[in-house]
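This report is written for a reader who is meeting the structure for the first time. Please keep the sequence and the model in view while reading.

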Amino acid sequence: MSSTTMRSHQCGELRAEHIGQQVTLTGWVATRREHGEKLAFVDLRDHTGVTQCVVDNTVDVRAEWVLRVTGVVAARPAESVNDRLPTGAVELQDCAVEVLNVAEPPPFPVSERADQVAENTRLQHRYIDIRRERMQRNLRLRASVNSAIRRAMEEQGFVEVETPMLVPSTPEGAREFIVPSRQQPGSFYALPQSPQLFKQLLMVAGIDRYYQIARCLRDEDLRADRQYEFMQLDAEMSFVTQDDVHTAIGAAVLAAARAAGQDPGEIVKITWQEAMNRFGVDKPDMRFGSELVELTDVFAATEFKAFAGAPSIKGINAVGQADQYGRNKLDQMTDRAKQMGAKGLVWLRVAGDGTFESPVAKFISDDERAQLTARLAAEPGDLLLIVADQWATTCEVLGQLRNDIARPPVHEGPYRYLWVIDFPMFVGVDEATGRPKPGHHPFTQPHPDDVHLLETDPMNVRSQAYDLVLNGWELGSGSIRIHQPELQARIFALLGIGEEEAQRKFGFFLNPFKFGAPPHGGFAFGIDRLVAILAGEENIREVIAFPKTQSGADLMTNAPTPVAAKQLDELGIRVLPPKA
C-alpha cells in the first residue's frame, strides 16, 4: 500500500489513467523551474520516481525541501511530454503546497551526477547519497534478494535460528574483533566470524535444517569485496550428502537471481582438479575461452632447453590478440609471470602463413609447431602463451594471465554459476612442524574414497569441501562435516593437535558429538558479493547502506573513536601509546 494518512499516491505512480483525480503526494524537491511570471514547475521526488507539479510562482520551495502537494492529475501538453519518465505524460495542476520541512543545500546533487563526487564525501553524507536512484535501486534489490532467499529456504523446510553475537575466541581462523567482559576483567568475548560451531551444534540438537541470514565480523584488511561486517546466508543440514547441500543452496541462489530479473540457468559442477587444469584457478570464470591446454606430451622429446624435462607444460591461446601486445607489453607480461613464481614465459605470435614469430621460434621443431597449432587451435593473429614449470605454478600463472587478458567485468553477462568440489584436504606442509596444513577448517570430512590415505599420502586426500563461484567470484564455501569422534581424532593427530589441546580449544564443541551427532553438512555464501554482482556493481560498498572505508573508518559517525577513561577503568583496560 502506497497511501498513508499524509498521501494518496507516491511520486512514481501517476499515469494517464489517473487524469482528473485529485491526489496528494509527499516527497523532496528535485528541481524548481520558473514558467512565466505566474507559474513554476516543481519536480517532486520520492523513491518511486518523480512527478511534475505546476505551482504558483510565489511558492518559495528549494532543492531537497520536504513537501506535501495536493492537486489534480492532468495530461501534459503534447510538446512537453517526457518519454524518459514513467510519469512523463502527466503533471499535477491546481496545486496546494504544504512545506513539511526546509533543508540546507545538500553537499552534492541528488542525481546520478553524484557518481562524480568523491567517495569519501558520499560516505560522510550517506543519508543524502541513499536518496539517489542508484542507491535506492541497489538497497531495494538487496531486500528482494533476502526475501527470495528466505522463501526458498523455508519452502525446503529450513528453520531460521539466531545464533550468538558474543562468542569464544577461536584465534586459529581470521583475525577477530574482541569484546572485553566488564564482569570478568581480563576475559574477552569475540564477535563471530561465522556461526559455524553453533550451527553444527544445532544439528546435534535435532534441528535438522537450519538457516540464518547472519551478520559476521572479521578484522581483516578491507578491499572492494570485503568489509569488517558482512552478511551471509548460513545453512546446515542433517542426514545429507554434498549433492543434497548443493541442491538446497542452489535453489536459494537461483531464486535470488530470478528476484533480480535474471534467467540464471543451471549451476554446473566441476572438480577442483578440473578447474585448475582448465582455468588455472579454483574460482574459474567460465564466460570466456582461452582455457589452459595440456602440452607436456607435445614437448616430451624437445630439444628446447626451457621445456626439456619440465614436469608440466601448458598453454593458452589469446585469440586475435597478437597485434594487441607489442614487445614492451610482452616483456611486462613475462616479468609478471616471473613475479608469480614461473621461471619464464614463452610467447608466440601466429603469422599469416601459420609460422611463429618469437625469439624462441627457432627452437621449436616443425613437428612440435604442427602439434602446438592443432592443440591450441591456433590461427593467424593469435597470441600463444606457454609456461613450463611445476604443475601448480604452471596452472596458477597461466590462470592469472588468462584473467588479465580476457576476463570481462564481473557483472557482464552471461551469469555462470558453478560448484567447485573435491578440494584438497591439505595444502602443503608447515615448515615449522612438518605437518600438513588443512585446506579448510579441521572439521571437514575427507572424501570417503581417500580416507585410507590420511596417514600414508595426505597430500592426495580429497576433502568433501566445495565452493560456489559466480563469474570468477567466490560467493561462499562449505563442506560435509566430520561427525565421528574417531575420524576427528585422526585429523587432529595429523595436524599435531593432541587430545588435551583439542579439549582446551574445542571441548565445548566436540563434547556434544559424543551424544549422537548425525551426518551433516552446510554452506554459507556472501550476500553482499552476490547482490553487488546482480546490481552490476564492482564494489560491495555500493550495496551496503552504511559501509566502512578501506581504512575501516565510518565517515558519517566518525567511528572508531576513543572511549572515556572511566569506561576503560571499568573494563580493566589500559591503552598503550602507539609503537614508534
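The model is predicted: local features require pLDDT of at least 70, side-chain atom pairs count only at pLDDT 80 or more, and totals for chains, interfaces and linings use all residues. Residues are numbered from 1 along each chain as its sequence is written, and side-chain values use heavy atoms, with hydrogens and water left out.

**The second largest pocket**

The second largest pocket holds about 920 Å³ of space. A pocket is an open set of points on a 1 Å grid over the protein atoms alone, where a 1.4 Å probe fits, with protein on both sides within 12 Å along at least five of seven lines; lining residues have an atom within 4 Å of a point. The volume is the space filled by probe spheres set on the points, which are joined across faces, edges and corners. Of the 34 lining residues, A30, R45, V50, L85 and E133 lie nearest the centre. Two or more lining residues come from each of β1 (22-35), β2 (39-46), β3 (49-56) and α3 (133-155), and α3 gives the most, with four. Helices (H or I, at least four residues) and strands (E, at least two) are DSSP runs numbered from the N terminus.

**Strands**

Strands β2 and β3 are antiparallel and share eight bridges; two strands count as paired if DSSP finds at least two bridges between them. A hairpin of two residues connects β2 to β3, and L39 has D56 in β3 as its bridge partner. Six of the eight residues of β3 are buried, so β3 is largely enclosed by the rest of the structure. Buried means under 20% relative accessible area, exposed over 50%, and partly exposed in between (1.4 Å probe, protein chains only).

Elsewhere, eight strands make an open sheet of mixed pairing, in the order β6-β9-β10-β22-β21-β20-β17-β11. Its edge strands, β6 (159-160) and β11 (268-271), each pair on one side only. Strand β6 runs parallel to β9 (residues 209-217) through two bridges, and V159 has Y210 in β9 as its bridge partner.

**Aromatic rings**

The whole structure contains 13 aromatic pairs. Rings of Phe, Tyr and Trp (its six-membered ring) pair if their centres lie within 6.5 Å; planes under 30 degrees apart count as stacked, over 60 as edge-to-face and the rest as tilted. Two edge-to-face pairs are tabulated.

| Pair | Centre to centre | Angle between planes |
|---|---|---|
| W272 and W391 | 5.8 Å | 65° |
| F299 and F307 | 4.7 Å | 65° |

W272 in helix α6 (residues 272-279) and W391 in helix α9 (residues 391-406) are 119 residues apart. W272 is buried at 16% relative accessible area, whereas W391 is partly exposed at 25%. F299 and F307 are both buried. Ring pairs also link F443, F492, F506, F509 and F513 into a cluster.

Charges sit over rings too, where NZ of Lys or CZ of Arg is within 6 Å of the ring centre and within 35 degrees of the ring normal. R402 lies over the face of F288 at 3.8 Å from the ring centre, and K329 over that of Y325 at 5.5 Å.

**A distant pair**

L348, in strand β14 (residues 346-350), is buried at 0% relative accessibility. The C-alpha atoms of L348 and P164 are separated by 57 Å, the two residues being 184 residues apart along the chain.
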